[in-house]
Amino acid sequence: PWPVKTLDESLSYRHQFLSKILSVSYSKPIQMENAAFQYMYDAQGNTFLDAYNNIPHVGHSHPKLVEAGQRQMAKLNTNTRYLYDLLPQYAEKLLSKFPAPLNRVFFVNSGSAASDLAIRMAKWHTKREGIMVMEHGYHGNTQISIDISDYKFSNPKGQGQKDYVLKVPIPDAYRGKYSHELENKGKKYAAEAVKLMGKFNHPVAAFIAEPIVGCGGQVPLAAGYLQELYPEVRAYGGLCISDEVQTGFGRVGDHFWGFEQHGVVPDMVILGKPMGNGHPMGAVVCTREIAESFEKGVEFFSSFGGNPVSCAIGLAVLDVMEEEGLQENAMVVGDYYKSLFEQLQQHYANIGDVRGSGLFLGVDLVKPGTKEEDEQLAKLIKNQLRENFILISTDGPKDSVLKTKPPLIFTKENALQVVEEMERILIKLKR
Ligand code: PMP
């Protein structure tokens with residue numbers, strides 16, 4: 001019975017065949033029909049502004065991408081066991097975005113597969129088992145990815161922390177042990193991690209973290225943290241992995257990668273989400289040394305990773321980013337967007353913190369005068385924005401942080417629309 005017209009019919013059709021473990025956004029779900037650039041259109045003909053989705057990086061249904069995919073799909077699609085130049089061409093272009101030591105790439109189909117592979121490679125390279133992970137971190141849905149994701153394994157319904165996993169405190173400059181320190185917060189959190197690493201009963205093969213912890217509630221690692229910690233991890237014989245699935249590809253504005261904001265170079269980088277603008281792509285980027293040691297093990301093969309269609313689409317994403325100056329746009333519009341939230345914060349004590357950079361921002365909602373998370377308010381604002389045709393998400397351990405990470409073509413007018421609508425909601429609440 002398709003097309004299903006009412007919301008209830010649409011939901012029950014879905015539940016007839018799919019598990020309810022697949023969540024649906026918003027109290028009142030949306031029947032989505034199509035999308036173009038930063039807009040999405042539902043079955044009832046409403047237009048939504050997408051301030052939520054960090055996957056359609058250069059915009060939904062971008063014509064250049066659609067064309068690149070269609071053309072290549074009609075020409076050749078195969079696995080990497082044949083020679084086709086698109087593969088090294090794309091690899092070369094992608095690696096040109098990285099600092100020199102990061103010069104090898106392994107293609108897969110998701111961020112989860114990339115996390116999984118990176119951990120496997122790190123363990124192989126170091127001949128160690130321990131993995132040091134970030135409090136509230138998330139790296140994917142495979143068993144290994146879940147095991148290294150505090151966001152999942154510490155959930156009351158989760159599988160718990162494995163003995164080879166060491167969790168270190170999130171270096172949060174707003175909340176947390178050292179948030180009240182005037183300076184050197186990052187250094188102090190790093191010293192704590194080093195202490196834990198020294199005492200851990202499994203030698204650490206790798207330390208993995210996002211530069212801005214997305215699921216943790218858009219928490220940027222405190223300044224100086226990685227600069228202090230990376231050398232310690234290496235001195236100890238471990239590798240440093242940066243998960244750039246959410247923060248990568250120019251989203252943070254001032255740099256192409258989140259780790260660059262911290263003045264460090266990781267040994268391995270995990271890529272996903274925006275890489276194919278919605279076409280399923282992921283990758284592990286690493287040093288030649290790590291790639292060469294991996295070559296000594298069993299063959300690595302992915303049926304779909306690095307196929308010509310994916311390479312054509314991945315190349316088109318990078319081309320469009322350059323042609324349309326999207327990293328620059330993320331910086332300019334992102335700075336403006338953030339400043340609007342900061343102005344709002346001046347007037348509403350419900351906003352405890354505004355953080356992030358470029359088009360990757362978080363607005364931390366609190367009970368006025370405290371830092372106590374206000375998840376009810378976050379839920380209310382998210383759903384009221386949806387009623388007013390603006391898509392935004394919530395995240396963080398208490399789900400109390402509004403999270404906005406729109407396509408990089410987002411405009412200042414779009415930003416103003418979100419913040420004005422949010423103010424209208426806050427005014428109504430005040431009354
Ligand atoms: N790492 C991070 C930081 C993520 O946010 C996600 C997805 N939310 C993943 C890895 C896993 O990516 P995927 O869903 O493509 O498997």
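The following is a dialogue on how some features of this predicted model are named.

Biologist: How are residues numbered, and what confidence do local features need?

Modeller: Numbering starts from 1 along each chain, in the order in which its sequence is written. The model is predicted, so local features need pLDDT of at least 70 and side-chain atom pairs count only at pLDDT 80 or more, while totals for chains, interfaces and linings use all residues.

Biologist: What makes up domain 1 and domain 2 of the protein chain?

Modeller: Domain 1 is 7–58 + 325–430, and domain 2 is 63–323. Such bounds come from an automatic or database domain assignment. Taken over C-alpha atoms, the centres of domain 1 and domain 2 are 25 Å apart. Their contact takes 28 residues from domain 1 and 27 residues from domain 2; two residues are in contact if their C-beta atoms, placed from the backbone, lie within 7 Å.

Biologist: Which elements supply at least two residues of the side of domain 1 that touches domain 2?

Modeller: These are α11 (326–347), β13 (351–357), β14 (360–365) and β17 (401–404). Helices (H or I, at least four residues) and strands (E, at least two) are DSSP runs, numbered from the N terminus. Of these elements, α11 gives the most, with five residues. By class, that side of domain 1 has twelve nonpolar, nine polar and seven charged residues. Ala, Val, Leu, Ile, Met, Phe, Trp, Tyr, Cys and Pro count as nonpolar, Asp, Glu, Lys and Arg as charged, and the others, Gly among them, as polar.

Biologist: Why are α3 and α10 called roughly parallel to each other?

Modeller: Helix α3 (residues 86–95) and helix α10 (residues 308–323) pack at an angle of about 30 degrees, with their axes 9 Å apart. The axes are lines fitted to C-alpha atoms, for helices over the stretch in contact, and angles run from 0 to 180 degrees between N-to-C directions. Angles under 35 degrees count as roughly parallel, over 145 as roughly antiparallel, 65 to 115 as roughly perpendicular and the rest as oblique. Therefore α3 and α10 are roughly parallel.

Biologist: What is the hand of the crossing of α3 and α10?

Modeller: The crossing of α3 and α10 is left-handed. A crossing has that name if the near helix is turned anticlockwise from the far one by less than a right angle, and is right-handed if clockwise. Among the residues in this contact are Leu86, Leu87 and Tyr90 of α3 and Cys311, Leu315 and Leu318 of α10. The contact divides into nine nonpolar, two polar and one charged.

Biologist: What makes α7 roughly parallel to α8?

Modeller: Helix α7 (residues 185–199) and helix α8 (residues 225–235) pack at about 25 degrees, with their axes 7 Å apart. The limit for roughly parallel is under 35 degrees, so α7 is roughly parallel to α8. The crossing of α7 and α8 is right-handed. Their contact includes Tyr189 and Ala193 of α7 and Leu229 and Glu232 of α8. Its classes are six nonpolar, one polar and three charged residues.

Biologist: Why are α4 and α9 called roughly perpendicular?

Modeller: The axes of helix α4 (residues 111–126) and helix α9 (residues 288–295) cross at roughly 85 degrees and come within 9 Å. That angle falls in the range 65 to 115, so α4 and α9 are roughly perpendicular to each other. Met121, Trp124 and His125 in α4 meet Ile290, Ser293 and Phe294 in α9. This contact of α4 with α9 has four nonpolar, two polar and no charged residues.

Biologist: How do you know whether Phe249 counts as buried or exposed?

Modeller: A residue is buried if 20 or more other C-beta atoms lie within 10 Å of its own, exposed if 12 or fewer, and partly exposed in between, with C-beta atoms placed from the backbone. Phe249 has 27 C-beta neighbours inside 10 Å, so Phe249 counts as buried. Phe249 is in the loop between β10 (239–243) and β11 (268–271), and its phi is near 65 degrees, a positive value in a residue other than glycine.

Biologist: What makes Ser61 partly exposed?

Modeller: Ser61 has 14 C-beta neighbours inside 10 Å, so Ser61 counts as partly exposed. Ser61 lies in the loop between β3 (47–50) and α2 (63–73), and phi of Ser61 is near 50 degrees, a positive value.

Biologist: Why is Pro280 called partly exposed?

Modeller: Pro280 has 18 other C-beta atoms within 10 Å, so Pro280 is partly exposed. Pro280 sits in the loop between β11 and β12 (282–287). Leaving aside its neighbours within four places in sequence, Pro280 is in contact with Asn109 and Ser110.
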